[in-house]
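Thanks for coming. Please look at the sequence and the model first.

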Amino acid sequence: MKLYDYEISGSCYKVRLLLSMLNLPYEKVAVDFYPGKAHRQPDFLRINPLGQIPVLVDGDLVLRDAQAILLYIAARYDASSTWYPADPATQGRIAMWLAFAGGELMQISAVRLHDMLMGYEHIDAAAARSGAHKALAILDQHLAECEIRGQQWIAAAHPTIADIACFAYPALCHDGGIDRSAYHNINRWLRRVRALPGFIVMPGVPAYA
Ligand SMILES: N[C@@H](CCC(=O)N[C@@H](CS)C(=O)NCC(=O)O)C(=O)O
């Protein structure tokens, strides 16, 4: 497998995390996202016309979107079938939280781009920050309800790809000036994810917090 990757991308980190937790070998193709904007050049647009990373290539299969990639890797390579279990209700819950990770939580990504890199001045950071807090509050409430039922993970009694997809941006939210100290359920759950075998760090996500 080949992962078109950028070290400080939270979306690429989602994929690197699952590949590490499953101990799968892969080749990283470093995309000069910044300052080179290589993801907007014709060569890369042929791989992903949306001009976004990550992209995973496995043989003839070319996949964009971190959530789609997580689903593929788990369904194809997780021999334990726990990261994406066959149970339809769990699959439905996982799909719901994958959509949340690729939707509402991406407001944290928008604020990070705005605050960390040049060229994203058009992003309404205040609106994205407020949207991010709404999303974090929803996730925090969900995790509180899970804990009341004795469930420590987002979509099942054990970690699934929903936990990986939802982990990256809440863990990185301080890069966008978003304070998550009040989201106690999220903070406890982030620590649980950090303790999973195969967990890896990225710049901005230390091993312990
Ligand atoms: N739906 C995609 C979105 C990924 C995404 O937004 N990636 C960012 C980097 S983290 C990107 O490539 N942005 C393009 C740009 O800023 O021009 C996913 O969830 O993987």
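Start with the contact between the domains: 17 residues of domain 1 touch 18 residues of domain 2. This is a predicted model, so please keep that in mind throughout. The chain is split into domain 1, residues 2-77, and domain 2, residues 88-194. Their centres, taken over C-alpha atoms, are 20 Å apart.

Now, why does the ligand lie between domain 1 and domain 2? Because domain 1 and domain 2 both contribute residues to the shell around the ligand. That shell has 15 residues, and the closest are Arg-40, Ile-53, Asp-65, Ala-66 and Tyr-120. Sorted by class, 7 residues of the shell are nonpolar, 6 are polar and 2 are charged.

On the oxygen side, a ligand oxygen sits 2.9 Å from an N or O atom in the side chain of His-39. A polar backbone atom of Ile-53 is 2.8 Å from a nitrogen atom of the ligand. For Asp-65, a polar side-chain atom is 2.8 Å from a ligand nitrogen. As for cover, the ligand on its own has 510 Å² of accessible area, and the protein covers 86% of that.

Note on methods
Residues numbered from 1 in each chain as written. Predicted model: local features only at pLDDT ≥ 70, side-chain atom pairs only at ≥ 80, totals over all residues. Heavy atoms only, no water. Near = heavy atom within 4 Å. Polar contact = N/O pair within 3.5 Å; in protein donor to acceptor, adjacent residues only side chain to side chain. Areas by Shrake-Rupley, 256 points an atom, 1.4 Å probe, with all protein chains shown as cover. Nonpolar A, V, L, I, M, F, W, Y, C, P; charged D, E, K, R; others polar. Domains from an automatic or database assignment. Contact = heavy atoms within 4.5 Å.
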